[in-house]
Amino acid sequence: GNNFRSDVILNLSAQDNPDGLGVEFTAYGIEDSAWQTYTTPPTFSGEGSYKIHFYSQDKDGNLEETKTIEFSIDKTPPEINVSSPRDNDIYLLNQNGVLADYLCNDYGGSGLQSCLGSVENGGSVNTQYAGENTFRVNAVDNAGNQAAKNILYKVGKSTMSASFSWLFELIANKNAKWNFEIQTLARCTGISSRQSHFDKGYGEP
């Protein structure tokens, strides 16, 4: 379609038939506004939709049938929102049930052409590789504006390594008293747990 992501310059030209007297003038109107005589190409820079009417008249008074052209200007990239995964989320190695949840919008623009993530929306987020991982979403609107969003999440080598990321933050605060339970998931053997009590940085079994 006639979608643009930059200013639009309207060039109009008219030509009389070979045996005619020549073109007298060309006129144009924007939407329902008054007709204007075309002398120099007008420039349209504001975002939005435009409907331009135009016609020409020759020197013998013959009028051309009115023509119409429509176009839109969209200079704003689409918006991307990612609900899952989120930045700095921590998952277990090969954890199941982590589903991608993202949405692209092109509010008031030319319309969304594509919205593509590392996996399709609702698909399983990759947790097969320990360490820092990247989830990407790319969006393109009908005017060609592009947007991209990268989400960095981490995958721990085991349940223990994932749990310690927040556990050490609790231990570091020596002025607080914490009661918590660490549950370690042993691969293929079930769950074992240990109740601990910390008071001002000193552990008591």
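Which residue in S13 is the bridge partner of asparagine 138? It is alanine 148. Keep in mind while reading these notes that the model is predicted.

1. S12 and S13 run antiparallel and are joined by 10 bridges. Both belong to an open sheet of 4 strands, ordered S9-S13-S12-S11, with mixed pairing. Strand S9 (90-92) and S11 are the edge strands; each has a single partner, so one side of each has no neighbour in the sheet. On average, and ignoring direction, neighbouring strands here are turned by 25° against each other.

2. **The largest nonpolar core.** This core has 15 residues, and the ones with the most contacts inside it are Ile80, Val82, Tyr102, Val125, Phe135, Val137 and Tyr153. At least two core residues come from each of strand S8 (79-84), S10, strand S12 (131-141) and strand S13 (146-156). The biggest contribution is that of S13, with 4 residues. Apart from this core lies another one, of 11 residues, with Val8, Leu12, Phe44 and Ile73 among them. As general background, nonpolar side chains tend to be buried together in soluble globular proteins.

3. **Valine 137 as a place to look.**

4. **The disulfide.** A search of the whole structure turns up 1 disulfide. It joins cysteine 104 to cysteine 115, with an S to S distance of 2.0 Å. Cysteine 104 sits in strand S10 (residues 101-105) and cysteine 115 in strand S11 (residues 112-117), so the pair ties together parts 11 residues apart in sequence. The torsion about the S-S bond is about 60°, so this disulfide is right-handed. Are the two cysteines buried or partly exposed? Cysteine 104 counts as buried, at 7% relative accessibility, whereas cysteine 115 counts as partly exposed, at 24%.

5. **Aspartate 101, also in S10.** Aspartate 101 lies in strand S10 and is partly exposed, with a relative accessible area of 40%. Leaving aside residues up to four places away in sequence, aspartate 101 touches Asn81, Val82, Ser83, Ser84 and Asn121. The C-alpha atoms of aspartate 101 and glutamate 120 are 8.8 Å apart, although 19 residues separate the two along the chain.

6. **Aromatic pairs.** The count of aromatic pairs comes to 9. In one of them, the ring centres of phenylalanine 44 and phenylalanine 71 are 5.6 Å apart and the planes stand at 70°, so the pair is edge-to-face. Phenylalanine 44 is in strand S5 (residues 43-44) and phenylalanine 71 in strand S7 (residues 67-73), so this pair ties together parts 27 residues apart in sequence. Both of these phenylalanines are buried. One aromatic cluster is formed by Phe4, Phe44, Tyr50 and Phe71.

7. **A pair within the sheet strands.** Tyrosine 91 and tyrosine 153 also form an edge-to-face pair, 5.8 Å centre to centre with 70° between the planes. Tyrosine 91 lies in strand S9 and tyrosine 153 in strand S13, so the pair ties together parts 62 residues apart in sequence. Tyrosine 91 counts as buried at 10% relative accessibility, and tyrosine 153 is buried with a relative accessible area of 3%.

Note on methods. Residues are numbered from 1 along each chain as its sequence is written. This is a predicted model: local features need pLDDT of at least 70, side-chain atom pairs count only at pLDDT 80 or more; totals for chains, interfaces and linings use all residues. Side-chain values use heavy atoms; hydrogens and water are left out. A disulfide is a pair of cysteine sulfur atoms within 2.5 Å. Buried means under 20% relative accessible area, exposed over 50%, partly exposed in between (1.4 Å probe, protein chains only). Contact means heavy atoms within 4.5 Å. A nonpolar core is a set of buried Ala, Val, Leu, Ile, Met, Phe, Trp, Tyr and Cys residues joined through side-chain atoms within 4.5 Å. Two strands pair if DSSP finds at least two bridges between them. Axes are lines fitted to C-alpha atoms, for helices over the stretch in contact, and angles run from 0 to 180 degrees between N-to-C directions. Rings of Phe, Tyr and Trp (its six-membered ring) pair if their centres lie within 6.5 Å; planes under 30 degrees apart count as stacked, over 60 as edge-to-face and the rest as tilted.
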